[in-house]
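Work through the following exercises with the coordinates open, and compare each solution with what you find.

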Amino acid sequence: DGEVRQVSRFAEVASIALDNARLYAAAQQELAERTRAEEQLRAAERQFRTLVEQLPVVVYSEPFVVGGARMWVNPSAESMFGFTQAESGQKNFWKTRVHPDDRSAVVAEEARCEQTGDPFRMEYRTLHRDGRVIWVRDECVLIRDESGTPLYWQGVIVDITDTKRALEREREVAERLRALDRMKNTFLDAVSHELRTPLAAI
């Protein structure tokens, strides 16, 4: 009877040990999978951050707070505007750099988008640190959580100065061509009139 109890107790302990070994193996496998997943996530994050930091546009993220500060601006802000990431990330700094002739329209559109949650899309002039004018296209969207609560704005700013200059040159050329066309028509009208006038006298 004592031997049976010992064997029974041994079987019970062996069963518990086997269950613990299975649980331990499952936990180890889960830990290994989680570690792999975390490393893959870190690698993807590094890859994404490297991509965003190398883009020739300004990428930014700003908290959803009326008058909030940019949380993050990629390094392109320095090459595009002449200001460091830290300077560009200060509260409302970007508004101080908007060209005075465009500022009221830009601020009004920003206020409207903050109230409605609509995407902000606008072309305007901004001032580089050295004072030169830069045309930009600024587009951002409001990111929300699963329940629809606004979290932050994410956006990009693209330098469109060369495009604007090319369009301005095109307009100037078109205007010169129209002026030349008007001069040609005036000349032809005068010549035509002079040629008809002597013949009318005969």
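**Exercise 1.** Find which residue in β4 stands opposite T126, and describe the pairing around this position.

*Solution.* The residue opposite T126 is I134 in β4. Strands here are DSSP runs of E with at least two residues, and helices are runs of H or I with at least four, both numbered from the N terminus; two strands pair if DSSP finds at least two bridges between them. Strand β3 (residues 120-127) and strand β4 (residues 133-144) run antiparallel and are joined by eight bridges. They form a hairpin with five residues between them, and in its turn G131 has a positive phi of about 100°.

The model is predicted, so to speak of local features requires pLDDT of at least 70 and side-chain atom pairs count only at pLDDT 80 or more, while totals for chains, interfaces and linings use all residues. Residues are numbered from 1 along each chain as its sequence is written, and side-chain values use heavy atoms, with hydrogens and water left out.

**Exercise 2.** List the residues with which V58 is in contact (heavy atoms within 4.5 Å), leaving aside its neighbours within four places in sequence.

*Solution.* With those neighbours left aside, V58 is in contact with V73, N74, S76, A77, M80, F81, G155, V156 and I157.
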